[in-house]
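Q: Could you walk me through this structure, feature by feature? I would like to learn how to read each one.

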Amino acid sequence: MITRKEILATYDTIRPWIRRTPVVQLELGELPSVTLKLEQLQCAGSFKARGAFANLLLREVPAAGVVAASGGNHGVAVAYAASRVGSGGQQSGVPARIFVPSVSSPAKMERIRQLGAELVVTGDRYADALAAAQDWVASSGAMSVHAFDQRETLLGQGTLGLELARQTEQLDTVLVAVGGGGLIGGVAAWFGGATRVIGVEPDGAPTLTLARAAGQPADAPAEGVAADALAPRRVGELMFPIAQAYVEDVVLVDDDAILAAQRVLWQTARIAAEPAASVGIAALLTGAYKPAPGEHVTVVISGANMSPGQLGEAS
């Protein structure tokens, strides 16, 4: 488990390097107004920057630099953090090698290259990229920055919960997208049961749903429109006890609902969100999660690393 005290300390460390992203209210037709935490405005385009900076600032980075496996957003975040944080005798920037699967979006791959990291495309799914990254760690001595199953990653993502609590006076429930579980693990650790935390997953990649059913992390399919961000093989070992203790429920949404939610966000509020970041809105629109009368719900809009063409499709 990670503690609120540790998350507070992590926030003090990474705060100069990240953005305090805003919250806004959104009307969804007949549904009550919801609060959105606009983490797609975070450095490097997603909440992943929090965990990336936590790793690079709280751990000793070797001269060989860092390595990460990613569906895309984590890789962008690690590349961004590595380009800004010094190591050893260097004043700025550390070497970074990012492994991504072929399912990763071209926009995310290009952003990783633009940030100066070495990009390696390997395999079809995140699990393939992770295996290749682990091999590189063994041969190079580089420091692995895991996308979700690393203590510092969870601490960094937990700072989103801390920030949200300071920004929102009325907060009953938070809807959080789930892939490997780093974000929901960190957020749930911060709230510690004081605020209801609900996971939302694509039905093509039900990692936490299957883990809860099995009583432990279990292999899940890795399919659907959000597969570049929410489809690891299984949730992390470190986050699972947190989820068991503090995540009240997990709901599933299908691809059509995710794409419809992405369109609603763009058409209603001109909020650019990638499919993975739209699952919480999909849960509300479909009734997969039904707020009680008077319930104050916040949805984390987790990222927006996508091509302009994808926004055109949502308009």
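**Reading the fold**

A: Happy to! This is a predicted model. Among contacts in the protein between residues at least 6 apart in sequence, 71% join residues at least 24 apart.

Q: What does the secondary structure of the protein come to?

A: The protein has 12 helices and 10 strands. Its radius of gyration is 18 Å, close to the 20 Å that the globule rule gives for 315 residues, so the protein is as compact as a globular protein of that length. Along the principal axes, the C-alpha atoms fill a box of roughly 55 × 40 × 40 Å. Buried residues account for 57% of the 315 residues.

Q: How should I read a sheet, and what is the order of the six strands in the open sheet?

A: In general, strands of a sheet pair through backbone hydrogen bonds, either parallel or antiparallel. Here the open sheet runs β1-β2-β10-β7-β8-β9, and its pairing is mixed. At the edges stand β1 (23-28) and β9 (247-253); each has a single partner strand, so one side of each is left without a neighbour in the sheet. On average, neighbouring strands of this sheet are turned by 30° against each other, direction ignored.

Q: In which sense do β1 and β2 pair?

A: β1 and β2 (residues 31-38) pair in the antiparallel sense, over five bridges. Look for Leu28, whose bridge partner in β2 is Leu31.

Q: Which strands do α6 and α10 lie across?

A: Helix α6 (residues 151-167) lies across β1, β2, β7 (173-177) and β10 (297-301), and runs at about 125° to β2. Helix α10 lies across β1, β2, β8 (196-202), β9 and β10, at about 110° to β1.

Q: At what angle do α10 and α11 pack?

A: Helix α10 (residues 255-269) and helix α11 (residues 279-286) pack at about 100°, with their axes 8 Å apart. Angles of 65 to 115 degrees count as roughly perpendicular, and α10 and α11 are therefore roughly perpendicular to each other. On the α10 side the contact is made by Ala257, Ile258, Ala261, Val264 and Leu265, and on the α11 side by Val279, Ile281, Ala282, Leu285 and Thr286. These residues divide into nine nonpolar, one polar and no charged.

Q: Is Ala283 buried or exposed?

A: Ala283, which lies in helix α11, is buried, with a relative accessible area of 0%. Not counting residues up to four places away in sequence, Ala283 touches Val200, Val251, Val253, Ala288 and Tyr289.

Conventions: Residues numbered from 1 in each chain as written. Predicted model: local features only at pLDDT ≥ 70, side-chain atom pairs only at ≥ 80, totals over all residues. Heavy atoms only, no water. Axes fitted to C-alpha atoms, helices over the stretch in contact; angles between N-to-C directions. Helix = DSSP H or I, 4+ residues; strand = E, 2+ residues; numbered from the N terminus. Parallel < 35°, antiparallel > 145°, perpendicular 65-115°, else oblique. Contact = heavy atoms within 4.5 Å. Nonpolar A, V, L, I, M, F, W, Y, C, P; charged D, E, K, R; others polar. Pairing = 2+ DSSP bridges. Buried < 20%, exposed > 50% of the residue type's maximum accessible area, 1.4 Å probe, protein only. Rg over C-alpha atoms; globule rule 2.2 N^0.38 Å.
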